[in-house]
Every structure is written in C-alpha cells, then in structure tokens.
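Hi,

Here is the structure I promised to pass on. Have a look at it first, and then read my notes below.

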Amino acid sequence: MQRGHRKQERRFSHAQAGINALEALIQVFNSINALRLNLTKDVNIHGIITNGGQAANVIPEYASGRFYLRAAERKTLESVYQKVENIVKGAALATGCDYKF
C-alpha cells in the first residue's frame, strides 16, 4: 500500500500595522490540532514554524510554516488538504492577515 504525501507551505503577512501574523499561524496549528480528532488513523499532519518573527517584543508582520500531510489513499489526502486549506483561510479572516500557499 502506498501512502500519499503532500507538502504545503503557508505564509501570512500583515494587512495593516499592528496585525500579528504569528497569531494567524498559531491559529492554524490550533485548528489543525482540533481537526486531528476527526481524522482516521491513516492520516498524519505535521507542521513547523519556519519564520515566527525577529524579536519577542516586536509584533511580527510576517510568519510562515510548513505542513506535511499524509494519508493511505489519495482521495483521503485530497479531502484533508482541502480542510487544511480552509483552516488557513479561516485563520487569515479571523486575524486580518493575508496568506499565500
């Protein structure tokens, strides 16, 4: 049995001064964690923050992360990918950030 694998990189940027791009990325991680409760055992999602800002006392205007999605079936992988894509869009809307896939 082959496992499907798909790599994604998400980048958030500020839409206006004072919007925290890292908050959007953290929202993505939290929502993916909630999504895991509803996924089958053959699905794996792993992510890392590749850029979370430059200093602890500065609101980051840019943040990025990389996520790896795996599933036993291609159809399942495509479904999970769509859900993660929607999570990213929702996090951007909730925080006022822009995003790129």
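Glu78 and Arg74 sit 4 residues apart in helix α2 (residues 74-95), which puts about one helical turn between them. Keep in mind as you read that this is a predicted model. The side chains of these two residues meet in a salt bridge, at 3.5 Å from N to O. In general, side chains of opposite charge can pair when their charged atoms come close. The spacing makes sense too: an α-helix has 3.6 residues a turn, so residues three or four places apart point the same way. As for how open the two partners are, Arg74 is exposed, at 52% relative accessible area, while Glu78 is partly exposed, at 32%. The structure holds 1 salt bridge, by the way.

**The rest of that helix**

While you're looking at α2, follow it from end to end: it has 22 residues and reaches 32 Å from its first C-alpha to its last, close to the 32 Å expected at 1.5 Å a residue. Which of its residues are buried? They are Leu77, Val80, Tyr81, Val84, Glu85, Ile87, Val88, Ala91 and Ala92. Looking down the axis of α2, you'd find these buried residues within an arc of 155 degrees, so they line one face of the helix. Then, just after α2, Gly96 takes a positive phi of about 80 degrees.

**Two aromatic pairs**

Next, the rings. The count comes to 2 aromatic pairs. In one of them, Phe29 and Phe67 have ring centres 4.9 Å apart and planes at 45 degrees, so the pair is tilted. This pair links distant parts of the chain, since Phe29 belongs to helix α1 (residues 21-36) and Phe67 to strand β3 (residues 62-71), 38 residues apart. Is Phe67 buried or exposed? Phe67 is buried, with a relative accessible area of 2%, whereas Phe29 counts as partly exposed at 24%.

The other pair is Tyr99 with Phe101: here the ring centres are 5.1 Å apart and the planes are at 85 degrees, so the pair is edge-to-face. Tyr99 is partly exposed, with a relative accessible area of 31%, and Phe101 also counts as partly exposed, at 43%.

Cheers

Note on methods:
Residues numbered from 1 in each chain as written. Predicted model: local features only at pLDDT ≥ 70, side-chain atom pairs only at ≥ 80, totals over all residues. Heavy atoms only, no water. Salt bridge = Lys/Arg side-chain N within 4 Å of Asp/Glu carboxyl O. Helix = DSSP H or I, 4+ residues; strand = E, 2+ residues; numbered from the N terminus. Buried < 20%, exposed > 50% of the residue type's maximum accessible area, 1.4 Å probe, protein only. Expected span 1.5 Å × (residues − 1). Arc of directions from axis to C-beta. Phe/Tyr/Trp six-rings, centres within 6.5 Å; stacked < 30°, edge-to-face > 60°.
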